[in-house]
Amino acid sequence: MFESDVQIPSAYDPFAEAEEFAAGAKEYVHLRVQQRNGKKCVTTVQGLEKDLDYEKILKNLKKEFCCNGNVVQDKELGKIIQLQGDQRKKLSQSLVRAGLVDKDHIKIHGF
């Protein structure tokens, strides 16, 4: 047998870019999509203002997009909203329309 120099790519980590924006993370709202299994994926929202009612925002988003979701508390990143499916485009439009975020302060990440 022989050893090959082929490197197998590791799994894609959508939060790896978060460290780049850590200094300006308070300015931007990051929308990411993360692949689960098969065709399933999860959309995450990070960087909303801390004084907002995340549960109320989540309830309205779930009703608008007809999907399920939850709020996750992270030690480093704070509160993160997770929604089923790839909701990035609709989510960015909805956040701007609701007046929660300016269009210039949204970063969309993912495949």
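This is a predicted model: local features need pLDDT of at least 70, side-chain atom pairs count only at pLDDT 80 or more; totals for chains, interfaces and linings use all residues.
Although Cys66 is not a glycine, its phi is positive, at about 55 degrees. Cys66 counts as exposed, because its relative accessibility is 70%, and the cut-off for that class is over 50%.

## The chain as a whole

The protein chain holds 2 helices and 5 strands, and when these elements are read from the N terminus on, they follow the order β-β-α-β-β-α-β. Of the 111 residues in the protein chain, 32% are buried. Among the contacts in the protein chain that have a separation of 6 or more, 50% are made by residues 24 or more positions apart.

## The largest nonpolar core

In soluble globular proteins, nonpolar side chains tend to be buried together. Here the largest nonpolar core has 16 residues, and those that touch the most other members are Val45, Leu48, Ile81, Leu83 and Leu91. At least two residues of this core come from each of strand E1 (29-35), helix H1 (54-65), strand E4 (78-84) and helix H2 (88-98), and H1 gives the most, with 5 residues.

## How the two helices meet

Two packed helices are described by the angle between their axes and the distance between the axes. For H1 and H2, the axes come within 12 Å and cross at roughly 125 degrees, and the two helices are therefore oblique to each other. The crossing of H1 with H2 is right-handed.

On the H1 side, the residues that take part in the meeting are Leu61, Glu64 and Phe65, while H2 brings Lys90, Leu91, Ser94 and Arg97. Sorted by class, this contact between H1 and H2 has 3 nonpolar, 1 polar and 3 charged residues.

## Two partly exposed residues

Tyr28 has its place in the segment before E1. With a relative accessible area of 22%, Tyr28 is partly exposed, a class that begins where the buried class, under 20%, ends. Once its neighbours within four places in sequence are left aside, Tyr28 is in contact with Gln46 and Gly47, and with Asp104, His105, Ile106 and Lys107. Tyr28 and Asp102 are 74 residues apart along the chain, yet a separation of 9.2 Å lies between their C-alpha atoms.

Leu52 is located in the loop between strand E2, which covers residues 41-46, and H1. Leu52 likewise counts as partly exposed, at 24% relative accessibility. If its neighbours within four places in sequence are left aside, Leu52 is in contact with Ile57 and Leu100. Leu52 and Leu100 stand 48 residues apart along the chain, and their C-alpha atoms are separated by 9.0 Å.

Definitions and conventions:
Residues are numbered from 1 along each chain as its sequence is written. Side-chain values use heavy atoms; hydrogens and water are left out. A nonpolar core is a set of buried Ala, Val, Leu, Ile, Met, Phe, Trp, Tyr and Cys residues joined through side-chain atoms within 4.5 Å. Buried means under 20% relative accessible area, exposed over 50%, partly exposed in between (1.4 Å probe, protein chains only). Helices (H or I, at least four residues) and strands (E, at least two) are DSSP runs, numbered from the N terminus. Axes are lines fitted to C-alpha atoms, for helices over the stretch in contact, and angles run from 0 to 180 degrees between N-to-C directions. Angles under 35 degrees count as roughly parallel, over 145 as roughly antiparallel, 65 to 115 as roughly perpendicular and the rest as oblique. A crossing is left-handed if the near helix is turned anticlockwise from the far one by less than a right angle, and right-handed if clockwise. Contact means heavy atoms within 4.5 Å. Ala, Val, Leu, Ile, Met, Phe, Trp, Tyr, Cys and Pro count as nonpolar, Asp, Glu, Lys and Arg as charged, and the others, Gly among them, as polar.
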